[in-house]
Amino acid sequence: MELPLLIDSLFIGEPPVLVDIFKRFLDSCIISSVFLNVKRFLDIAHPELVIFVKYEFWINYLSELKRRGIRSYLVSAIFRRDSVFFRSYGSMWRKALDAFDQMFVQSEESRDLLHHIGFDNVIVAGDTRFDRVLDIHAA
């Protein structure tokens, strides 16, 4: 089954209004749950590429996407010096970042932190989220 858009619901208590909006405005849309079996979920969805936004680092998804060779991107990401990725015990999290073909970060600081731990597939793109773009345009 091919789907033009797949939305993965990452929070149990997600406002129902969001689901209603997606269902109303998108003809072909699946709303899933991160708590589903990842392998089964990917078998059903057959994504060609996956986009994670900002702070979404789901290790179970990332490792399976990498294993299957499915392109993965991270957009609007922010990394801070004190986050788990840069701690001595953060190797599992650093390894998860290997799944991303490209990471688009909001700041040069984030890019530099990632470069320091060996990631060169990083582009500073600013805050690309829709609401932030509208705020900037209105200013």
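Let's begin with confidence: this predicted model has a mean pLDDT of 78 over the chain, and 70% of the residues score at least 70, pLDDT being the predictor's confidence in each residue, from 0 to 100. Local features are described here where pLDDT is at least 70, side-chain atom pairs count only at pLDDT 80 or more, and totals for chains, interfaces and linings use all residues. Residues are numbered from 1 along each chain as its sequence is written, and side-chain values use heavy atoms, with hydrogens and water left out.

The elements run β-α-β-α-β-α-β-α-β-α-β-α, giving 6 helices and 6 strands; helices (H or I, at least four residues) and strands (E, at least two) are DSSP runs, numbered from the N terminus. Over residues 9–18 pLDDT stays under 50, and the model has 11 contacts beyond four places in sequence for them, a contact meaning heavy atoms within 4.5 Å.

Within its residues 59–68, the buried ones are Tyr-61, Leu-62, Glu-64 and Leu-65; buried means under 20% relative accessible area, exposed over 50%, and partly exposed in between (1.4 Å probe, protein chains only). An α-helix has 3.6 residues a turn, so residues three or four places apart point the same way. After helix 3 comes Gly-69, with a positive phi near 75 degrees.

Stepping back to the whole chain, 32% of its 139 residues are buried. Of the contacts between residues at least 6 apart in sequence, 49% join residues at least 24 apart.
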